[in-house]
Amino acid sequence: LAPAARQPHEEARASLATSTSATLPPASPHAANAEPVAANAPNAWSSSYYSSCSGLEQPMYRTAAGRSVDSIKHWLGVSSECLAALNATGRHESAHFHALPLLSTRLLQLGAYASAMSALPAVGVAATALQKKADGLSERAAALSASMDMHQPLPRSARAAHAMSLALQRHSLCSRSGRPLNCTGGSATAAGTCRAARPPQPNASMHAHLHLTHHGGTTLLGIILRDTCSLITPRCAAITYVDSPPTWNVCWGGEMMAAKQRQLEAKLVALTANASARNGHCCSARCGGHEPAYAQGNEPIDVAFFEPALPIGAPVESDQIVWTTIMRHPVPFALAHGFIPEFMLSSWVGHVQRSHLPHSAAYCDLPSLKPLRRARRLLKASSNHLNDTAALPIHLQDDCTRPQRFNFTRAELTHAKELALSFAGIALLEEYNEGLSAFCKLLGWPTCPKVASKQLRGHHAEHHGIANMMRTYGYGPEVLADFVDAAQLSTELYYFGRELYRAQQLRLGLPPPSPGLIPPAER
């Protein structure tokens with residue numbers, strides 16, 4: 001018999017499968033169909049450029065590195081040596097996924113420092129020259145990023161790659177719930193004609209999505225509900241609640257960590273349409289209507305949404321869960337919204353609880369915004385400021401009396417990058433449709449609609465684009481430099497995720513992202 005023709009999403013998954021230099025676990029006929037992974041450990045740096053780039057790992061702030069022309073010049077020199085080492089080694093080592101995001105973050109900071117200093121009469125000419133040098137290095141770093149090809153080894157372990165490959169192979173649209181393929185409407189219509197028309201397959205892979213607040217997750221949810229047959233948790237905004245095992249320590253290793261991950265995986269794959277009901281939580285019409293209007297039942301769900309953070313310990317390596325997320329550049333996000341600049345990192349490592357999002361206390365310690373703290377202008381903006389184009393940004397509504405709750409280090413960043421390697425699908429908010437095409441290919445969605453930018457931005461254009469926001473809020477370049485500093489770890493995580501996204505797009509035959517330091521849509 002002739003082999004059956006593959007469906008488009010199966011072709012997409014096959015395009016992710018190329019030979020690998022690492023030995024995969026002998027457990028499945030799909031074991032040979034894994035992406036290229038590096039033989040070295042995920043966070044290994046080769047000696048050829050460790051000495052050139054490792055000096056950039058220490059935290060950088062405008063009050064120190066940007067205090068003088070000579071200081072900025074010194075760090076631009078260090079960055080230039082790191083870039084030269086990266087160019088000399090080519091893109092043959094997985095450490096590029098760590099070194100290039102670090103270098104890009106430092107170049108963004110140094111360029112912002114030089115821009116802030118260029119307004120000073122005594123050093124303006126020299127600072128402008130340094131800003132041009134930073135721009136030139138940034139262009140060279142972007143060119144290196146854009147040079148990636150589909151054979152670039154990823155810093156993902158062979159075991160993780162194998163589990164991800166199996167999860168994708170085991171994923172079939174709505175096979176978990178058994179809902180008919182021609183049914184749409186998600187949980188809202190599950191109680192009607194869209195009940196399971198075939199036996200549910202609880203061992204098929206579930207799609208689990210991390211929805212960071214204001215990162216396009218609601219738009220994605222609308223597409224899933226409107227255009228696919230997927231059964232989703234009957235919660236407002238489809239948010240799923242899963243408690244992590246009673247105790248969890250990221251420092252665990254070996255069998256202890258493996259056992260805890262298996263516990264969490266078991267909870268996730270056991271989710272049904274009755275998952276974790278919490279009476280009284282967000283049941284107003286504003287966030288999705290009252291619970292009785294939603295589905296009730298024991299069918300295994302096809303898709304789980306988590307906002308704004310995953311359960312602590314997730315994403316777990318699993319051959320039954322396909323993890324996805326959408327990322328957004330933290331600097332323009334921090335400028336526009338009232339969350340701490342390190343909101344992304346905080347969410348990824350599980351420090352955020354939905355009931356108490358981390359708002360603007362961190363801004364009060366930014367050197368350039370301290371006068372606002374003394375003036376106590378911060379209570380003048382109404383909580384509904386988005387309806388008033390002249391209002392202050394969200395983060396200026398706080399009275400600045402609360403201390404910042406989180407002091408993150410590179411240890412949390414390293415952990416977050418390890419978690420990022422478990423995501424089979426990554427999209428960028430700034431280039432939403434390209435990432436959506438990847439989700440459609442990987443998950444086998446029947447249609448892949450285009451999303452207009454206004455669906456992501458709403459009607460408040462003044463809260464998008466760095467230059468536009470700076471004018472709207474009356475900020476000078478020193479404020480931008482402080483925001484870049486405050487979000488430096490999340491920015492590095494974003495650039496790391498963007499390189500993973502670039503590799504994903506190349507393997508799927510889709511357009512890769514813009515390699516610049518700031519996405520075109522946010523400049």
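Q: Are Arg 502 and Glu 499 buried or exposed?
A: Arg 502 is buried, and Glu 499 is buried as well. Buried means under 20% relative accessible area, exposed over 50%, and partly exposed in between, with a 1.4 Å probe and protein chains only. Please note that this is a predicted model, in which local features need pLDDT of at least 70 and side-chain atom pairs count only at pLDDT 80 or more, while totals for chains, interfaces and linings use all residues. Residues are numbered from 1 along each chain as its sequence is written, and side-chain values use heavy atoms, with hydrogens and water left out.

Q: In what do the side chains of Arg 502 and Glu 499 meet?
A: They meet in a salt bridge, at 3.4 Å from N to O. The term requires a side-chain nitrogen of Lys or Arg within 4 Å of a carboxyl oxygen of Asp or Glu.

Q: And how are Arg 502 and Glu 499 separated in helix 17?
A: Arg 502 and Glu 499 are three residues apart in helix 17, so about one helical turn separates them. Helices (H or I, at least four residues) and strands (E, at least two) are DSSP runs, numbered from the N terminus.

Q: How many salt bridges does a search of the whole structure find?
A: The search finds seven. One of them joins Arg 328 to Glu 522, with the closest N and O atoms 3.8 Å apart. This pair links distant parts of the chain, 194 residues apart: Arg 328 is in the loop between strand 3 (321-327) and helix 9 (330-336), and Glu 522 is in the segment after helix 17 (488-508). Arg 328 is buried at a relative accessible area of 2%, and Glu 522 is buried at 3%.

Q: Changing topic, which residues touch the most other members of the largest nonpolar core?
A: Leu 103, Trp 323 and Trp 348 do, in a core of 93 residues. A nonpolar core is a set of buried Ala, Val, Leu, Ile, Met, Phe, Trp, Tyr and Cys residues joined through side-chain atoms within 4.5 Å. Helix 4 (residues 96-117) supplies the largest share of this core, twelve residues.

Q: What about helix 15: which of its residues are buried?
A: In helix 15 (residues 466-473), the buried residues are Ile 466, Met 469, Met 470 and Tyr 473. Seen down the axis, they fall within an arc of 100 degrees (taken from the directions from the helix axis to the C-beta atoms), so they line one face of the helix.
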